[in-house]
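Here is a short report on one protein model, written for a reader who works with coordinates.

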Amino acid sequence: MAAVQTRAETYESRLGEGRTFMASNQPERAAKAFRAASNLARENPEPLLLMAEAHRAAGNDAAAILALKEAEAIAPGNDPVIQKQMVDLYLGQNHVDEAIAALVTLRDAEQLSDKEILALARLQARNGDPQGAFKSLEPIQTQRPDDPEAKTVEAEILLVKGDEVLAAKLMDRLIEENPNLIAAHLLRVRYFLNSGYPEVAEQDIATITGADAKKPEVVLLHARILAKLEHHEQAAEILTQLVEEHPDNTDALGMLAEAKLNIGKNTEAQALVDRVLRIDARAPRALYVRGRASEIQGDKRSAEESYGYALSADPHFAPALSRMWRMQQEGGEKAEAQKSLEQLYKLGEASLEEKIALAEIYAQGKTNSERGLKIVDELLKREPGNPKYVALKAALTPAPVKKKSSGPIILRGGRH
């Protein structure tokens with residue numbers, strides 16, 4: 001009994017040490033204390049969950065995932081708390097497929113809130129699975145067919161599917177009926193930007209005012225528009241304000257670095273890239289900007305290497321994909337260029353130029369004509385009669401198969 005009592009007291013002492021270390025911002029020491037507590041109570045998942053939290057605070061997501069898997073092995077069944085923590089860690093590591101699989105399990109067990117279901121559907125759409133995304137939306141849309149948040153996600157799924165005209169009508173209706181629905185506004189702005197209408201995107205984002213206009217996601221998208229319009233000084237100005245308010249926002253810092261690079265302030269850009277990489281050594285935006293700097297200097301090999309690092313950190317990082325496919329095409333790597341363009345298209349991030357380039361690759365290679373025709377048909381809905389699109393459609397349309405004659409067969413040389 002004395003030994004049991006001593007063990008229990010030591011366990012509580014190690015837990016207390018861990019919490020004290022966490023409170024004093026020493027997550028590495030906290031993780032060690034929580035591991036010691038776990039060794040004293042192997043049937044209890046609590047210290048493992050705390051250890052995962054400590055590893056995550058220390059920036060060691062891989063160790064955090066392992067700790068959660070240990071806790072999952074102890075906890076009876078699929079504990080939703082553990083599963084949701086694992087999803088956050090998977091997403092932090094850009095292990096999107098694993099995150100989706102865990103969320104689908106939780107969805108099927110009815111352990112997700114409506115907000116989490118919408119996040120899952122959006123994640124599935126951006127991962128190139130519109131059918132899976134629609135399936136996730138079903139419970140909400142069955143109960144509330146006109147739910148504006150769910151309809152916004154539906155519009156995003158339609159864009160990923162390539163049903164742009166239908167998506168555009170849905171977005172317009174949503175914004176008309178819900179003027180303060182920021183998610184729908186931002187989706188439509190991205191649609192205009194990716195479709196080659198940055199001026200329209202600029203007008204549309206200007207309708208977002210007040211506190212909403214200062215939200216990081218709004219400012220970052222506005223900066224993208226300004227960059228497309230080559231208003232780099234203005235982009236740097238609004239990004240500087242955002243960084244002052246959110247000094248650890250790596251996306252803001254990375255985009256500010258790119259804006260500085262675009263206005264020729266290379267030293268400042270490099271300093272910002274270094275600052276981001278000290279926060280997160282695998283930050284895709286910073287790695288991408290480093291690649292842009294190399295490309296501007298004419299060092300295409302280093303540029304391609306940096307873009308590759310950015311994509312290894314986040315395979316869905318559209319800016320790096322947009323640079324990679326061009327370099328791959330210039331280098332004669334047509335198959336790789338096609339893969340990069342297809343990824344952009346599946347993400348719903350392909351620009352007008354990139355959609356045309358993908359359709360042209362399909363036409364030249366006589367492959368995937370169905371998707372190529374879908375792209376061109378959407379383009380023709382926007383610009384009926386455009387000669388380039390008409391010619392591309394003709395090149396993608398399979399030649400009609402000659403039907404065999406179904407008339408009478410005349411047998412010659414038969415028995416008389």
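The protein chain carries 54 positive and 63 negative side chains. The centres of the two sets lie 7 Å apart. Lys and Arg count as positive, Asp and Glu as negative, while His and the chain ends are not counted. Each charge is placed at NZ of Lys, CZ of Arg, CG of Asp or CD of Glu.

This is a predicted model, in which local features need pLDDT of at least 70, side-chain atom pairs count only at pLDDT 80 or more, and totals for chains, interfaces and linings use all residues. Residues are numbered from 1 along each chain as its sequence is written, and side-chain values use heavy atoms, with hydrogens and water left out.

**Overall build**

The protein chain has 23 helices and zero strands. Both are DSSP runs, numbered from the N terminus: helices are H or I with at least four residues, strands are E with at least two. Along the principal axes, the C-alpha atoms fill a box of roughly 110 × 75 × 50 Å.

The chain has 416 residues, and 44% of them count as buried. Buried means under 20% relative accessible area, exposed means over 50%, and partly exposed is in between, with a 1.4 Å probe and protein chains only. The accessible surface of the chain comes to about 22300 Å². Carbon and sulfur atoms hold 51% of that surface. These areas come from the Shrake-Rupley method with a 1.4 Å probe, and for residues only the protein chains shown count as cover.

Contacts (heavy atoms within 4.5 Å) were also sorted by sequence separation. Among those between residues at least 6 apart in sequence, 48% join residues at least 24 apart.

**A helix pair**

Helix 3 covers residues 46-57 and helix 4 covers residues 61-74. They pack at an angle of about 170 degrees, with their axes 8 Å apart. Axes are lines fitted to C-alpha atoms, for helices over the stretch in contact, and angles run from 0 to 180 degrees between N-to-C directions. Helix 3 and helix 4 are therefore roughly antiparallel to each other. Helix 3 makes the contact with Leu48, Leu49, Met51, Ala52, His55 and Arg56. Helix 4 contributes Asp61, Ala63, Ala64, Ala67, Leu68, Glu70, Ala71 and Ile74. The label has its own cut-offs: under 35 degrees is roughly parallel, over 145 roughly antiparallel, 65 to 115 roughly perpendicular, and the rest oblique.

Glu156 lies in helix 9 (residues 148-161). Its relative accessibility is 9%, so Glu156 counts as buried. Beyond residues up to four places away in sequence, Glu156 touches Arg122, Arg126, Leu187 and Arg190.

Met171 is found in helix 10 (residues 164-177). Met171 is buried, with a relative accessible area of 0%. Leaving aside neighbours within four places in sequence, Met171 is in contact with Ala155, Leu159, Leu187, Arg188 and Tyr191.

Ala183 lies in helix 11 (residues 182-194). Ala183 is partly exposed, at 28% relative accessible area. Not counting residues up to four places away in sequence, Ala183 touches Glu149 and Thr152.

Ala101 sits in helix 6. Ala101 is partly exposed, with a relative accessible area of 43%.

Pro284 lies in helix 17 (residues 284-296). Pro284 is buried, at 17% relative accessible area. Again leaving out residues up to four places away in sequence, Pro284 touches Ala310, Ala313, Asp314 and Phe317.

| Pair | Separation in sequence | C-alpha distance |
|---|---|---|
| Met171 and Gln338 | 167 residues | 30 Å |
| Ala183 and Thr152 | 31 residues | 7.0 Å |
| Ala101 and Gln124 | 23 residues | 10.0 Å |
| Pro284 and Asp314 | 30 residues | 6.5 Å |

**Positive phi in loops**

Which loop holds Glu110? Glu110 lies in the loop between helix 6 (96-108) and helix 7 (114-126). Phi of Glu110 is near 55 degrees, a positive value in a residue other than glycine. Glu110 is exposed, with a relative accessible area of 73%.

Glu230 is found in the loop between helix 13 (216-228) and helix 14 (232-245). Glu230 has a positive phi of about 65 degrees although it is not a glycine. Glu230 is exposed, at 62% relative accessible area.
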